[in-house]
Amino acid sequence: MPGETDLKTLLQSLHPVVRDGEYVYALWPHGRPLEGGVEAAVREAEGLTVVLRRDEADRLGLTYDFVASWITLQVHSALEAVGLTAAVSAALTHAGISCNVLAGFHHDHLLVAAADTGRAMEVLQLLSRGVVLRSERPGDRAEILDLTARAFSVSPVTGEPVEGTPVEVGLLRELFECSGYIPELSLVAEIGGEIVGHAISTRAWIDELPVLGLGPIGVLPTFQRRGVGTALMRETTARATALGERGIALLGSTAYYPRFGYVPASSLGVDAPEAAWGAHFQLLPLPEWPDGVRGTFRYAEPFNRL
């Protein structure tokens, strides 16, 4: 059966599957007869590179540095198909995940750092639904502000239409320009090149301990309840963890945010800027969260003008 060439169909049919075990790249010793369970090989002027399971490389006494997971894209792509590798690589790159691509006759195969397997699978599953996550660029801001106005046109507190411009628009405009702005933590979700969601985390503090304040987070009404907000939440957590941040705080629904690991900030010894917020003021401790934290949270300066 001929392979698929239409990029949209290819992306919708990715069906990524992780092979068992860990894999490595190794340079095969010159003059040594090829043996063992080699999964792939590339002949270069400098020598023969092989890809094989890590335990097999250890058995054969081969040296290696990069330890990877092997992800197979189960879609049957034609060798002459245009754009699949570029789309996959770009989506993973936006998530800060490097990958090595091996093209087989029936499928494409990705080798990603073993530690990034879970995130890589999430990115690929989002891509199959047409969603790409990336950092915000200055040229995106007009579109993001328009998205925010539409996302908050109905108050999340009262459920009633908002008169005039939602306050989140002005807040976001100021956050882009304030000293607490962190480029890597202003994220957009794209579908078909259109920005459909945005989340921003800015520098905040618990007394003198630097942490993050999440919000606003907005999704176009027509794309809500389709996993875009969930994707932005998870990507925010992953990026903040990679940056060595201690924790993320937010003010929001006690029915929605606990699914991402958020707990009432008071249960961790952290007071809200306003006591009336109660359990709606929540905090996610990250792996770098220190013991014995106590104090009052404060957002970046623009929040004080709300």
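Modeller: What follows is a walk through some backbone features and salt bridges of this predicted model.

Biologist: Backbone first, then: which peptide bond is cis?

Modeller: The bond leading from Gly215 to Pro216 is cis, with an omega near 0°, and Pro216 itself sits within strand S11, which covers residues 209-219.

Biologist: And what is phi doing at His15?

Modeller: Phi of His15 is positive, near 45°, in a residue other than glycine; His15 belongs to the loop that runs between helix H1 (7-12) and strand S1 (16-18).

Biologist: Is His15 buried or exposed there?

Modeller: His15 has a relative accessibility of 52%, so it counts as exposed, the cut-off for that class being over 50%.

Biologist: What about phi at Asp207?

Modeller: Asp207 is not a glycine either, and its phi is positive, near 55°. Asp207 lies in the loop between strand S10 (194-206) and S11, and because its relative accessibility is 37%, it is classed as partly exposed.

Biologist: Changing topic, how many salt bridges does the structure hold?

Modeller: There are 15 salt bridges in the structure. As background, side chains of opposite charge can pair when their charged atoms come close.

Biologist: Take Asp55, which side chain does it meet?

Modeller: Asp55 forms a salt bridge with Arg53, at 3.5 Å from N to O. Asp55 is partly exposed at a relative accessible area of 47%, and Arg53 is also partly exposed, at 29%.

Biologist: And which partner does Arg141 have?

Modeller: Arg141 pairs with Glu136 in a salt bridge whose closest N and O atoms are 2.8 Å apart. Arg141 has a relative accessibility of 17% and therefore counts as buried, while Glu136 is buried at 5%; the limit for that class is under 20%.

Biologist: Which residue does Arg203 meet in a salt bridge?

Modeller: The side chain of Arg203 meets that of Glu245, with 2.8 Å from N to O. This pair links distant parts of the chain, 42 residues apart, since Arg203 is in strand S10 whereas Glu245 is in the loop between helix H7 (228-242) and strand S12 (247-251).

Biologist: Are those two, Arg203 and Glu245, buried or exposed?

Modeller: Both Arg203 and Glu245 are buried.

Biologist: Last one: which residues do salt bridges with shared partners join into one network?

Modeller: That network is made up of Arg119, Glu235 and Arg239, joined by salt bridges that share partners.

How values were computed
Residues numbered from 1 in each chain as written. Predicted model: local features only at pLDDT ≥ 70, side-chain atom pairs only at ≥ 80, totals over all residues. Heavy atoms only, no water. Helix = DSSP H or I, 4+ residues; strand = E, 2+ residues; numbered from the N terminus. Buried < 20%, exposed > 50% of the residue type's maximum accessible area, 1.4 Å probe, protein only. Salt bridge = Lys/Arg side-chain N within 4 Å of Asp/Glu carboxyl O.
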